[in-house]
Amino acid sequence: ICLYKFVETNKKIKMIDFDICAGVVANKYGDILYNATYNVKRAKLYWVPKLNEDGSYNAALAWLFEIVEKGEDEERGQYEKVIYTLINAESGEEIAL
């Protein structure tokens, strides 16, 4: 069973500079008022299915950032967790997961 049917087009994709996408991530996690540190471990480029209003899908090229959050709080004590953030490689906007 196939979830998606991909159709090849001749559409050219103009990616924005990677530093802009990385800056979106840095701003997001740099603005959190919380006693934690965030370290980007890697970023990989993926095709991500994107739901349209009519129920169909398009594939968007996006950077998947893998971020390690380290912190300490009253409930968990010291902790470490992995967070994933998708950034559209054409627009630089975050894609909600």
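Two strands are taken to pair if DSSP finds at least two bridges between them, and strands (E, at least two residues) and helices (H or I, at least four residues) are DSSP runs numbered from the N terminus. The model shown is predicted, so local features need pLDDT of at least 70 and side-chain atom pairs count only at pLDDT 80 or more, whereas totals for chains, interfaces and linings use all residues. Residues are numbered from 1 along each chain as its sequence is written, and side-chain values use heavy atoms, with hydrogens and water left out.

View 1. Four strands form an open sheet in the order β1-β2-β3-β4, with antiparallel pairing. At its edges stand β1 (36-51) and β4 (94-95), each of which pairs on one side only. Strands β1 and β2 run antiparallel and are joined by 15 bridges, while 12 bridges join β2 to the antiparallel strand β3 (residues 77-88). Two bridges connect β3 with β4, again in the antiparallel sense.

**View 2. Hairpins and bridge partners along the sheet.** The hairpin of β1 and β2 has five residues between the strands, and Gly55 takes a positive phi near 95 degrees there. Three residues lie between β2 and β3 in their hairpin. In the hairpin of β3 and β4, with five residues between the strands, Gly92 takes a positive phi near 80 degrees. Among the residues that face one another across the strands, Thr37 stands opposite Lys70 in β2, and Lys70 in turn has Glu80 as its bridge partner in β3. Glu72 has Gln78 as its bridge partner in β3, and Leu86 stands opposite Ile95 in β4.

View 3. Rings of Phe, Tyr and Trp (its six-membered ring) pair if their centres lie within 6.5 Å, and planes under 30 degrees apart count as stacked, over 60 as edge-to-face and the rest as tilted. The structure holds three aromatic pairs. One of them joins Phe18 and Trp63, whose ring centres are 4.8 Å apart and whose planes stand at 75 degrees, so this pair is edge-to-face. It links distant parts of the chain, with Phe18 in helix α1 (residues 18-30) and Trp63 in strand β2 (residues 57-73), 45 residues apart. Phe18 also forms a stacked pair with Phe65, at 5.8 Å centre to centre and with 25 degrees between the planes; here the two residues, in helix α1 and strand β2, are 47 residues apart. Buried means under 20% relative accessible area, exposed over 50%, and partly exposed in between (1.4 Å probe, protein chains only). Phe18 is partly exposed at 33% relative accessible area, whereas Trp63 at 14% and Phe65 at 3% are buried.

**View 4. The largest nonpolar core.** A nonpolar core is a set of buried Ala, Val, Leu, Ile, Met, Phe, Trp, Tyr and Cys residues joined through side-chain atoms within 4.5 Å. The largest one has 10 residues, namely Cys21, Val25, Tyr29, Leu61, Trp63, Phe65, Ile67, Ile83, Ile87 and Ala89. Helix α1 and strands β2 and β3 each supply at least two residues of this core, and the largest share, four residues, comes from β2.
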